[in-house]
Amino acid sequence: MTHKGRIIFAAALTTMVLGLTACNDGEDSSSAQDSPSASAPTSSDPGSKSPSADPGDDGAAPAKGDNTAPGTKLKIGDRAVLPFEYGTEKKGTIAVTVTAIEKGAEADMAGFGAKAKGMTPYYIRMKVENVGGTDLAYASLKLRGELEDGGATGIVLIGDLPGKCDNETAPRDFTTKGASYETCSLSATKTTPITAASFDEGDAYSDSPVLWTS
């Protein structure tokens with residue numbers, strides 16, 4: 001399948017959003033342009049209500065001391081235990097191990113079009129584990145790249161690079177304690193290199209993300 005790039009500009013945002021969609025995905029592209037929030041994760045299985053996803057399940061609310069504290073700085077290969085929510089129904093605890101932050105080539109960004117000229121992609125590879133044992137099937141996690149000076153890239157990428165950095169959703173059986181899968185988050189920069197990956201989901205981590213550095 002061939003892909004083409006699309007770029008969405010939002011007047012209220014200072015970042016540039018680039019999207020990679022299938023050629024026959026015209027309707028989705030249009031809705032995303034109308035609402036920048038359309039790219040935010042939503043529950044991919046709204047009809048699924050498993051007992052393991054019950055908010056009263058002990059696995060959904062582990063003791064705070066079991067989680068990696070906001071602001072923790074880790075090395076590549078270290079494991080962080082983190083609270084996680086996806087959409088309105090899926091909630092639990094995951095463990096994330098960043099296994100690599102790989103620099104790609106500018107040519108890899110060709111699918112995003114002319115606006116991606118001068119951008120260098122980075123591939124944040126990770127392993128994700130289900131720690132709480134709740135139903136997190138089909139959930140998606142994305143880590144953000146950070147520059148070597150500690151700043152944000154200022155670029156938001158929608159999509160992935162098939163064969164180079166595939167952002168995989170959790171498999172169907174990601175519903176039990178110990179289940180795991182591997183995925184990749186795509187980031188890019190036009191300035192200094194990306195040397196860190198951050199988890200900043202949830203109120204506790206939005207201002208004090210967990211960081212993995214090489």
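Is Phe174 buried or exposed in this structure? With a relative accessibility of 2%, Phe174 counts as buried, where buried means under 20% relative accessible area, exposed means over 50% and partly exposed lies in between, for a 1.4 Å probe and protein chains only.

The model is predicted, so local features need pLDDT of at least 70 and side-chain atom pairs count only at pLDDT 80 or more, while totals for chains, interfaces and linings use all residues. Residues are numbered from 1 along each chain as its sequence is written, and side-chain values use heavy atoms, with hydrogens and water left out.

**Exercise 1. Describe the aromatic pairs of the structure.**

Step one is the search of the whole structure, which finds two aromatic pairs; rings of Phe, Tyr and Trp (its six-membered ring) pair if their centres lie within 6.5 Å, and planes under 30 degrees apart count as stacked, over 60 as edge-to-face and the rest as tilted.

Step two takes Phe174 and Tyr181, which form an edge-to-face pair at 5.1 Å centre to centre with 90° between the planes. Tyr181 is buried, at a relative accessible area of 10%.

Step three takes Phe199 and Tyr205, whose pair is edge-to-face as well, with 5.5 Å between the centres and 80° between the planes. Phe199 is buried at 1% relative accessible area, and Tyr205 counts as buried at 4%.

**Exercise 2. Locate the disulfide and describe its surroundings.**

Step one is the count: the structure holds one disulfide, that is, a pair of cysteine sulfur atoms within 2.5 Å. This disulfide joins Cys165 to Cys184, with 2.0 Å from S to S, and the link is left-handed, with -100° about the S-S bond.

Step two places the two ends, using strands defined as DSSP runs (E, at least two residues; helices are H or I, at least four) numbered from the N terminus. Cys165 lies in the loop between strand 8 (155–158) and strand 9 (180–189), whereas Cys184 lies in strand 9, so that the pair, 19 residues apart, links distant parts of the chain.

Step three checks burial: Cys165 is buried at 0% relative accessibility, and Cys184 is buried at 2%.

Step four turns to Glu168, which lies in the loop between strand 8 and strand 9 and is partly exposed, with a relative accessible area of 39%. Leaving aside neighbours within four places in sequence, Glu168 is in contact (heavy atoms within 4.5 Å) with Tyr181, Glu182 and Thr183.

**Exercise 3. Work out which elements build the largest nonpolar core.**

Step one gives its extent: the largest nonpolar core has 24 residues, and those with the most contacts inside it are Leu82, Leu141, Leu143 and Trp212. Such a core is a set of buried Ala, Val, Leu, Ile, Met, Phe, Trp, Tyr and Cys residues joined through side-chain atoms within 4.5 Å.

Step two names contributors: strand 4 (79–86), strand 5 (90–103), strand 6 (120–130), strand 10 (194–199) and strand 11 (210–213) each supply at least two residues of this core, and strand 4 gives the most, with four.

Step four examines strand 4 and strand 5, which pair in the antiparallel sense over eight bridges, pairing being assigned if DSSP finds at least two bridges between two strands. Thr93 in strand 5 is the bridge partner of Pro83.
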